[in-house]
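Please examine the sequence and the model shown here before reading the briefing.

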Amino acid sequence: MYRAILVLVLLGCLNACSGESDKLDVPPASDNALQPEGFAWWSRAAIDAYARFSVWRGERSGYIVMLARDGVPLYSKAVGWQDIEKRLPLTVDTQVNIASMTKPIAAVAAMILIERGMLGLDDRVSSYIPEFADLRVAVSEEPGEGGGWESKPAEKVMRIRHLLMFSSGIGPGLDTSSALVNHWNEHSIYKQASGDLDARVVRLAQLPLLEEPGTRWRYGYSADVLAVVVERVSGQSIAEFFEENIFQPLGMKDTRYPLPETDLSNVATIYTQNSEGDLVLANEWVRDWTPGGGGLLSTVGDYMRFALMLYNGGEYQGERILLRSTVEEMIRLHVPAGVLADGDVEGIGWGLGMAVVADEEASITPDRTGDYWWSGYYGTTFVVSPSTGLVAVAISQNEPSEFSGLPTGIYIIQGIAYAGM
């Protein structure tokens, strides 16, 4: 009965949705890009209908979506609320916290320095952060009798490529059943009481690595350590380097860190679910420092510019950020398997700074082999699909909790986009 009602409601919403795009002012990847065939009407209408139904049910506060095909943005849609209490609607210009979608930007920053000859993939991390010279690796993921962690000197050298591959041995990781992972979580750079990015990262060198560098993919603070390397090599803060070398050239005028002086009037409120499943305000996020692996504010249009730059081989609107060969190296499978394995996810590998689909048949998300993508904690994702020409950015703002359910909405929208091509 419930499924029948759901189908009827969705059909009613679909009938009421025109499939028309909201404001679309993001230029194509290049001025000579040919106008491609658009997304099917039913696909655009279905995205609109699904988003409206999800908001109506109170599952999420809203969604913002932008789709491009063959380098040309063709569709954008904002549905729901920037602030529910104030009845402020989301728009395609609303800024959001993109969380870990900051990580691919940090990877691009490092690759810029590598192209300039200021940094090398096989350089030792300790050449730039000496505190990482005498690293130790935990012998067990459980503490010893005295409560400490038995460890041994690392046999392998941690290199810059390991930070980009997320195979540095740096924690924490996603498996919270491990006592050592929980120990890393207790010393999280986000939980440290004080210090800028540099100071917080240096403290991580005191913790035992979870494994030898280069031996396993692990979600953790590799991108934050990489950002400190970028700062020390360039002589700029990570925020300054991003702005000068990525944001300004790409026209990403609404992408920045939410520092205490930042105007938040156009920033979407982040919600979560209480024990009754109702939307409530989430915890306030950090605003007094600039983590390298998260924390940026951006818009769907700004991130589309970044994604189109990658799709177009490192160039957007005549501004070259990276060489095509560099982008090709970033999206090559450096880690062929085991990415997100702690979450029982299969078919996903890793390049340099982002996920790469290794096997579309094994992947649980709607994608194609060779697609590259990454997501953020609050329900944001982008995907570039070389084989189909799809570039998509889809955004919600919902902090996960035990009552939130899986963030399937973003992937349902992505699947509808693929189907409508």
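This is a predicted model: local features need pLDDT of at least 70, side-chain atom pairs count only at pLDDT 80 or more; totals for chains, interfaces and linings use all residues.

Residues are numbered from 1 along each chain as its sequence is written, and side-chain values use heavy atoms, with hydrogens and water left out.

**Overall form**
- The protein has 11 helices and 16 strands; helices (H or I, at least four residues) and strands (E, at least two) are DSSP runs, numbered from the N terminus.
- Of the 421 residues, 56% count as buried, that is, under 20% relative accessible area with a 1.4 Å probe and protein chains only.
- Among contacts (heavy atoms within 4.5 Å) between residues at least 6 apart in sequence, 69% join residues at least 24 apart.

**Helix α2**
- Helix α2 spans residues 41-56 and reaches 22 Å from its first C-alpha to its last, close to the expected 22 Å, which is 1.5 Å times one less than its number of residues.
- Buried residues of α2 include S43, Y50 and F53.
- After α2 comes G58, with a positive phi near 80 degrees.

**Second largest pocket**
- The second largest pocket holds about 300 Å³ of space. Its lining has 16 residues, and the closest to its centre are L264, V267, A268, T269 and W285.
- On a 1 Å grid over the protein atoms alone, a pocket is an open set of points where a 1.4 Å probe fits, with protein on both sides within 12 Å along at least five of seven lines; lining residues have an atom within 4 Å of a point.
- The volume is the space filled by probe spheres set on the points, which are joined across faces, edges and corners.

Technical notes. Buried means under 20% relative accessible area, exposed over 50%, partly exposed in between (1.4 Å probe, protein chains only).
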